[in-house]
Amino acid sequence: MEHRRWCADRSIIGYRDTCAERLKDIDCFKLHWSIVPFKDLPEKERDKDRDVIGNMKKILNLGPSTLD
């Protein structure tokens, strides 16, 4: 889910994937090689997304709960 959020964020600010079929039609976009399905990322990049999720849980546990 974090990777999808990241891809959406990059798309909003103008990045597009580097898919070879679409490169010929792109002349005004920024390109990023990581805008791919999560399963196609190298393991090192997947670990970054896992770290974000793990750190979110830790940060949320630091503060008072507003759900009580």
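Colleague: How many helices and strands does the chain have?

Modeller: The general idea is to take helices (H or I, at least four residues) and strands (E, at least two) as DSSP runs, numbered from the N terminus. In this case the chain has 3 helices and 2 strands, and along the sequence they follow the pattern α-β-α-β-α. Please keep in mind that this is a predicted model, in which local features need pLDDT of at least 70 and side-chain atom pairs count only at pLDDT 80 or more, while totals for chains, interfaces and linings use all residues. Residues are numbered from 1 along each chain as its sequence is written, and side-chain values use heavy atoms, with hydrogens and water left out.

Colleague: What percentage of the 68 residues of the chain count as buried?

Modeller: Buried means under 20% relative accessible area, exposed means over 50%, and partly exposed lies in between (1.4 Å probe, protein chains only). On that scale 18% of the 68 residues are buried. As for the surface, accessible areas come from the Shrake-Rupley method with a 1.4 Å probe, and for residues only the protein chains shown count as cover; the chain exposes about 5,700 Å², of which carbon and sulfur atoms supply 58%.

Colleague: Which residues of H3 are buried, and against which helix do the buried residues pack?

Modeller: In H3, Glu45, Arg46 and Asp49 are buried. They cover an arc of only 125 degrees around the axis, so they are on the same side of H3, where the arc is that of the directions from the helix axis to the C-beta atoms. On the other side of H3, Lys44, Lys58, Asn61 and Leu62 are exposed. The buried residues of H3 pack against helix H1 (2–12), a contact being heavy atoms within 4.5 Å.

Colleague: How does the span of H3 compare with the expected one?

Modeller: The expected span of a helix is 1.5 Å times one less than its number of residues. H3, with 20 residues, reaches 29 Å from its first C-alpha to its last, close to the 28 Å expected at 1.5 Å a residue.

Colleague: Where do Glu2 and Arg5 lie?

Modeller: Both lie in helix H1, 3 residues apart, about one turn of the helix, and their side chains form a salt bridge (2.7 Å, N to O). Glu2 is buried, with a relative accessible area of 8%, while Arg5 counts as partly exposed at 43%.

Colleague: Which residues make the nonpolar surface patch?

Modeller: Patches are made of residues with over 30% relative accessible area and no salt bridge; like charges are joined within 9 Å, and nonpolar side chains (Val, Leu, Ile, Met, Phe, Trp, Tyr) within 5 Å. Here Val52, Ile53 and Met56 make a nonpolar patch of about 210 Å². Ile53, which lies in helix H3 (residues 43–62), is partly exposed, with a relative accessible area of 33%.

Technical notes. A salt bridge is a side-chain nitrogen of Lys or Arg within 4 Å of a carboxyl oxygen of Asp or Glu.
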